[in-house]
Amino acid sequence: MSHIAFIGLGNMGLPMARNLLKAAFKVSAYDLQEEALQALVAEGAYAAQSALEAADGAEVVISMLPASRHVEGLYLGENGLLANLLAGTLVLECSTIAPDSARRVHQAARARGIEMLDAPVSGGTAGAAAGTLTFMVGGDPVCLERARPYFSVMGSNIFHAGAEGSGQVAKVCNNQVLAVQMIATAEAMAMGVANGLQPAVLAEIMRQSSGGNWTLEKYNPWPGVMPQAPASRGYTGGFMAELMSKDLSLAQETALASGNSTPMGALALHLYRLLTKQGLGKQDFSVVQQLFID
Ligand code: NAD
């Protein structure tokens, strides 16, 4: 089986790497946090002391880091991975980052004969654990066929979005919709409950009516409505509000560059920025519910 280096074992990376181990791939892992690394060692991974060590001898490198600066720091520059990987290595960059940042990494990879795809994901931590993520892939479609066996272990929907950086464009469009739906759902839940409805009853009515959306299906922001949702475990173990704020900034940058008007996305960005300023940035993004409860 192929040898995979997995860099970044956070809320998403850890369950994704677990699925690769379950599928009998050899995994060398690296994360700045020793605790995350040890969690994967217990399941058969090799714990590297650096990204370079993890990538030594690997045919495939997968990264799942917070933002553009972490990804560029990992891959670019004299001490970056791209300068040290063998030609022919396959790089699957799965973090959500700026499309232009992804294109910079693509360019540097191409110059070194390394095949790369930008492949951000959707589906949350539950999708990562279940191996049912959606991959939105930018880059060479032939390279996507080489990567398909790895994506298939971690996800169930694999889309070729287009040329280099297109996976990231699709991802920021998607997350802008997600943020707007989450905020709309949270304010409606608060209004209904303030007017005497039971949260679970209101949630089910809206889920099966024309207001139905992904947050009502899988990720209700009201504590206790969905036992498996982050809201029911103190808004932990999900998708941090500060990362949603980052994605909404990327969406605004993308819209400005192409001259599009995205007023809903702008409003969502500012609400998430305020949440982060209130100290709630490390909590799951459904914590926006708290803005609407007295
Ligand atoms: P996270 O903060 O939980 O995990 C990131 C991990 O990267 C951390 O463990 C951190 O220690 C590690 N890290 C940072 N810099 C590093 C470096 N230089 N070398 C090695 N490790 C490093 O974030 P997450 O929720 O897992 O999200 C990761 C990416 O996936 C983000 O881009 C996010 O926007 C995206 N995403 C998250 C979700 C979600 O539901 N959490 C869903 C879809 C996409």
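These legends go with close-up views of a predicted model.

Some housekeeping: local features need pLDDT of at least 70, side-chain atom pairs count only at pLDDT 80 or more, and totals for chains, interfaces and linings use all residues. Numbering starts from 1 along each chain as its sequence is written, and side-chain values use heavy atoms, with hydrogens and water left out.

**View A. Helix 1 against helix 2.** Helix 1 (residues 13–22) packs on helix 2 (residues 34–41) at an angle of about 20°, their axes 10 Å apart. (Helices are DSSP runs of H or I, at least four residues, and strands are E runs of at least two, numbered from the N terminus; axes are lines fitted to C-alpha atoms, for helices over the stretch in contact, with angles from 0 to 180 degrees between N-to-C directions.) That makes helix 1 roughly parallel to helix 2 (angles under 35 degrees count as roughly parallel, over 145 as roughly antiparallel, 65 to 115 as roughly perpendicular and the rest as oblique). Leu14, Ala17, Arg18 and Leu21 of helix 1 meet Ala36, Ala39 and Leu40 of helix 2, contact meaning heavy atoms within 4.5 Å.

**View B. Helix 8 against helix 11.** Here helix 8 (residues 166–194) and helix 11 (residues 241–258) pack at about 120°, with axes 9 Å apart. That makes helix 8 oblique to helix 11. On the helix 8 side, the residues involved include Lys171, Val172 and Leu178; among those they meet in helix 11 are Met244, Asp247 and Leu248.

**View C. The largest nonpolar core.** Of its 37 residues, Phe6, Met16, Leu92, Phe135 and Phe151 touch the most other members. (A nonpolar core is a set of buried Ala, Val, Leu, Ile, Met, Phe, Trp, Tyr and Cys residues joined through side-chain atoms within 4.5 Å; buried means under 20% relative accessible area, exposed over 50%, partly exposed in between, using a 1.4 Å probe and protein chains only.) Helix 7 gives the most to this core, with six residues. Zoom in on Phe135 and, leaving aside neighbours within four places in sequence, its contacts include Met16, Cys94, Pro120, Phe151 and Phe159. A second, separate core of 23 residues includes Ala5, Leu81, Ile97 and Ile114.

**View D. Leu90 in strand 5.** With 0% relative accessibility, Leu90 counts as buried. Skipping residues up to four places away in sequence, Leu90 touches Glu59, Val60, Val61, Glu115, Cys143, Arg146, Ala147 and Tyr150. Ala54 is 36 residues from Leu90 along the chain, and their C-alpha atoms are separated by 14 Å.
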